[in-house]
Amino acid sequence: MDRSPGELLRGYAFLLPLALFLAAFVLVPIGGTFVGSLMRDVTFLPERFAGAENYRALLSDPGFAQALRFTVLFTAASVPLELLLGLAVALLLAHPSRARGALRACVLIPWAIPAAVSGKVFQLVYNYNYGLANYLMNAMGVVDRPVNWLGTSTGAFLSLVLADAWKTTPFVAIILLAGLSGIPGHLYLQAQIDRAGYLRRFTRITLPLLSTVLLIALLFRTIDALRVFDLMFVLTGGGPGGSTTSLSLYGYNYFLGGDFGYGSAVSVVLFLIALGLSLLYLRVGRFARELP
Amino acid sequence: MSEDRQIRILYVAGALGFMAFSLGPILYMALTAASRRPDFLSRASGLEFTLAHFIAVAGTPSLHFLDNLRNSIVVSGCASALCVAVAAPAAYAIARLRLPGRAFFLLCVLAVSMFPPVSLVSYLFKVMGALDWINTYRALVLPYTAWILPLSLWILTGYFAQVPVDLDRAALVDGCSGLGVLRKVVIPVAAPGIFSTALLAFILAFNEFLFALMLTTDHAARTVPVGIALFEGLHGEIPWGVVMAAATLTTVPVVLLTLVFQRRIVQGLTRGAVKG
């Protein structure tokens, strides 16, 4: 189909508002943050160019190292857990039964509630004296003394992973469910005729055919986990002792304290990590999708 | 025991466990909100039902809960409408006009959606401070729109690609202009997709936290998530009943929206993430 340059130009004009929006409110701010990270920019002090000063300071900053370590550990703990749970839930949702409608309705609710609100609810769930978590564990006889969920660094870490899994497992499950429904049913029928057991059908048919979708879910969730902010802000406040401060929260704390240069340097590091992963996603995703 | 029976038992146990895990915290939130004291689990008196916390949340002007809720609804509604208005023409062009470079454009837009918000917010804070926009609706609506545009574009492109091209052709033959085709043919056919996108955009904007935290200062523009997160009692002790009542009142509309439009949301999510 041949088209005149004028026609093509009109076509690109449809993209213009979107491109302008992204440029003005995403790309320019990213550039601004990058420039800001090269400045010494502290409230009430004269602003000056600082070169790599902020980045050099990052290298010897134990707080930054702690935030980086926590962010990586949190991602490494929560993402695999969410993928496993999400896969289990997706299998539940795909199973034909009378309860399927009710289950599908339930699955979205934790996802739809603002993380700040569910974070507040979990803060009460983990309350030392009368929270639901300690009540249940005590009632089931798992522990004889209440667990100090939010007061110890291990407890706070586990609390965050569990609360995050609660909120984001639905998202994973729904993506995987779409992948499951794309698997042709005759494969299973054939396998049943060949008397392949459930486990065999799962490992030989379901998992291999789901691998692309699993990879997409993995990368989406990894990037979300790396940039997590609101859950820590609300549930643990980054504590105790800064042990659950994510990189986003660490950067934000510097903005709050008026040190925009240093906070920007922290954000740039996080940005580069996310960018690297999204480039990886685009490489993988290219095989997965047929563009319209 | 046959394998079918084993799977059935596993299924029922899994389904019940999952429902308890998903709904337990929500039920706990609602019960705490309706209980006279937050420690009702460990008290002999149990749950002493009261509506006092709900009345306090809705009826105490100094808590600003209703202001925050109004801000949230206005901001999310505007961002959602703007998102669709900006993304729909772009999605139409990508899906229907076969522009050279469209795949590259889509991938770049997707990459943009993966940037961490914290790496934008300090610059936005400074610029909006200079423009005197801090604590206004537009300080949230504009960044939210930009933030949710990539997902909207991906979802809408998928929907527009489904409308048969023959429909456009027929309309063009009948003397419709290009924009006329979009307005009279493509948009009506893709209306469910547009609705899904608007709904998802609304929920995402409603749930956003970091921009709202940094770009608002008080009840004139502060949204519900930030309002609830910053809720503190007078003496350091968190007034759990009131906080949970606010959380419940926020959750109810979100849950209703989700239950009513479950199918649409699932469709939108899977199109955005998997099928593109």
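Predicted model: local features only at pLDDT ≥ 70, side-chain atom pairs only at ≥ 80, totals over all residues.
**Entry 1: a contact to start from.** Residues are numbered from 1 along each chain as its sequence is written, while chains are lettered from A and ligands numbered from 1 in the order in which they are written.

**Entry 2: the core.** I then looked up the largest nonpolar core, which has 165 residues, and found that those with the most contacts inside it are Ala87(B), Ala90(B), Ala91(B) and Leu149(B). Such a core is a set of buried Ala, Val, Leu, Ile, Met, Phe, Trp, Tyr and Cys residues joined through C-beta atoms within 7 Å, and a residue is buried if 20 or more other C-beta atoms lie within 10 Å of its own, exposed if 12 or fewer, and partly exposed in between. Helix 6 (residues 137–162) of chain B gives the largest share of this core, 17 residues. The core also takes at least three residues from each of domain 1 (1–50) and domain 2 (64–275) of chain B, with bounds that come from an automatic or database domain assignment.

**Entry 3: chain B overall.** I count 13 helices and zero strands in chain B, where helices (H or I, at least four residues) and strands (E, at least two) are DSSP runs numbered from the N terminus. Of the 276 residues in chain B, 49% are buried. Among contacts in chain B between residues at least 6 apart in sequence, 76% join residues at least 24 apart.

**Entry 4: Leu199(B).** I placed Leu199(B) in helix 9 (residues 191–207) of chain B. It counts as partly exposed because it has 18 C-beta neighbours inside 10 Å. Not counting residues up to four places away in sequence, Leu199(B) touches Phe261(B), Arg264(B), Ile265(B) and Gly268(B).

**Entry 5: the side facing chain A.** I found 82 residues of chain B in contact with 79 residues of chain A. On the chain B side, helix 1 (residues 3–33) supplies the largest share, 15 residues.

Technical notes
Contact = placed C-beta atoms within 7 Å.
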